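Dear colleague,

Please find the structure below, followed by notes on what turned up in it. I would be glad if you read the notes with the coordinates open beside them.

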Amino acid sequence: MLEVIRFDHVSFRYPDEEKWIFEDLSFSVEHGERVVITGPSGCGKSTLLYLCNRLYPGNCDGIVKGTITLFDKESEAYEPGEVNHKIATVFQDPDAQFCMLTVEEELAFTLENLNVNRKEMDERIRDVLELTGLTDFRQSIIQQLSGGEKQRIATACALIMEPEVLLLDEPISHLDPYTAKQFISWLDELQKKRSLTIVAIEHRVDLWDSFFDRSISLESMPGAGLLLKREISKQGKQALQVCKVRTDSFLQETSFTLEKGEVAVLAGPNGSGKSTLLKTLCGLIPSKGTVKPSQLGYVPQSPEFLFITKSVKDELSFGGGNGADILLERLHLSAVTEAHPFAVSHGQKRRVAIASMLCDGREIILMDEPTSGQDAASLSELAGLIDERAREGTTFLIVTHDMEFAYAVADTLLLIKKGYLTGKFSADSVWEDEQLLTAHHLLQPKGWMAREVCFA
């Protein structure tokens with residue numbers, strides 16, 4: 001079989017860093033293969049992908065040793081942008097690759113850069129939207145879409161180039177479980193039809209079942225046990241009251257209360273209003289209704305929006321710095337304390353934002369997709385920190401598509417669909433109601449299913 005990517009004894013580091021991101025890495029990927037890259041957060045998985053598409057070292061001051069061969073040609077011999085006709089990339093943060101206002105304009109912009117004529121352009125836009133199930137989004141404004149919808153748009157933008165190789169950086173991290181399964185099934189059919197080579201970075205490999213032919217591990221994963229279900233920590237005293245909150249555009253009238261020490265998970269399909277609700281509670285979106293108290297800690301889906309200092313350590317110290325050194329160690333950030341917050345990996349950025357908010361001493365903390373980009377060890381530590389803080393009286397409202405994490409930490413679940421809050425439920429009542437889960441594009445967590453087997 002034809003080798004499309006080959007690394008021979010490749011090492012990479014940044015010029016101002018003495019430590020190599022990875023060293024002496026050798027592997028090859030053949031045409032039509034499906035390969036997953038695994039490893040702990042911050043080990044260099046995204047860097048590896050950027051070397052495959054020539055983004056690195058051309059667009060950074062990185063130092064590369066060894067030889068990278070793409071389609072039987074040394075990587076350095078390609079002109080800027082030349083190899084990207086064959087190798088398309090869907091980045092970890094879809095916002096990072098959008099340039100235009102609407103979905104149609106974004107797709108057209110991609111084709112314009114390929115010098116596609118206008119008649120063919122319209123046909124290819126129509127075909128890729130139909131292929132990806134996004135026809136209804138053609139005129140949509142991208143920044144008004146949910147994180148999951150943006151991820152699907154970014155994938156369509158890559159596919160419209162008709163590449164031979166598709167690089168995916170955690171493509172299901174922003175997708176609800178049901179949509180993630182659909183995406184994987186769709187990608188399976190697409191790969192077979194077009195004989196695509198797929199190289200993906202993924203932490204949630206279990207959701208892919210037998211999709212991948214093999215895996216490449218950059219490092220052995222840190223030791224971490226399974227996420228265990230915590231005991232309920234609600235303390236009977238009201239901490240957050242949301243009364244008839246709504247927005248003019250999407251979110252319908254919403255009311256609920258959370259108790260001191262309660263850990264609530266907000267879940268539902270992509271585009272159902274989860275992030276909108278969190279932003280509304282924080283006052284970032286104009287709304288009607290009341291939220292008491294109004295001072296809430298917030299970790300957004302794009303953590304970069306929080307960063308205001310020039311180092312990870314200063315970021316934690318800025319809001320008070322209570323227990324900063326301990327949190328740096330527990331959230332596996334000790335190795336990047338002096339790094340700029342924008343320069344660390346996607347998963348590390350999230351942990352920096354979470355640690356900053358925990359240091360800030362807020363009594364109520366809202367988190368939007370905190371599990372994205374996290375390895376098993378980081379998830380286990382995060383679950384432990386949430387449990388400890390909840391028992392001390394901190395209240396959490398967490399948006400997540402990771403049902404294993406939700407099963408481990410949630411006292412209660414708030415389910416939302418099409419802008420309507422369906423209701424607030426005890427966690428166990430949701431896990432045992434498969435009809436309710438299906439209606440909200442959720443899957444039973446494996447932890448719950450294992451419990452059912454044990455008690456059968």
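Aspartate 16 sits in the loop between β1 (3–13) and β2 (22–30), where helices (H or I, at least four residues) and strands (E, at least two) are DSSP runs numbered from the N terminus. This is a predicted model, in which local features need pLDDT of at least 70 and side-chain atom pairs count only at pLDDT 80 or more, while totals for chains, interfaces and linings use all residues. Residues are numbered from 1 along each chain as its sequence is written, and side-chain values use heavy atoms, with hydrogens and water left out.

With a relative accessible area of 66%, aspartate 16 is exposed; buried means under 20%, exposed over 50%, and partly exposed in between (1.4 Å probe, protein chains only). Together with Glu17, Glu18 and Asp61, Asp16 forms a negative surface patch, a patch being made of residues with over 30% relative accessible area and no salt bridge, with like charges joined within 9 Å and nonpolar side chains (Val, Leu, Ile, Met, Phe, Trp, Tyr) within 5 Å.

Turning to salt bridges, the count comes to 25, each being a side-chain nitrogen of Lys or Arg within 4 Å of a carboxyl oxygen of Asp or Glu. One of them joins the side chains of arginine 214 and glutamate 33 at 2.8 Å, N to O, and this pair links distant parts of the chain, with arginine 214 in strand β9 (residues 214–217) and glutamate 33 in the loop between β2 and β3 (34–38), 181 residues apart. Arginine 214 is partly exposed at 30% relative accessibility, whereas glutamate 33 is buried at 14%.

Another salt bridge, also given as 2.8 Å, N to O, is made by aspartate 387 and arginine 230. Because aspartate 387 lies in helix α10 (residues 376–391) and arginine 230 in the loop between β9 and β10 (238–246), the pair ties together parts that are 157 residues apart in sequence. Aspartate 387 and arginine 230 are both buried, and they belong to a network of salt bridges that also links Arg391 and Asp411.

Finally, asparagine 270 is placed in the loop between β12 (263–267) and α6 (274–281) and counts as buried at 14% relative accessibility. Leaving aside residues up to four places away in sequence, asparagine 270 touches Ser146, Gly148, Glu149, His174, Leu175, Asp176, Thr179 and His401, contact meaning heavy atoms within 4.5 Å.

With kind regards

Definitions and conventions:
Areas by Shrake-Rupley, 256 points an atom, 1.4 Å probe, with all protein chains shown as cover. Lys, Arg positive; Asp, Glu negative; His and termini not counted. Charge placed at Lys NZ, Arg CZ, Asp CG, Glu CD.
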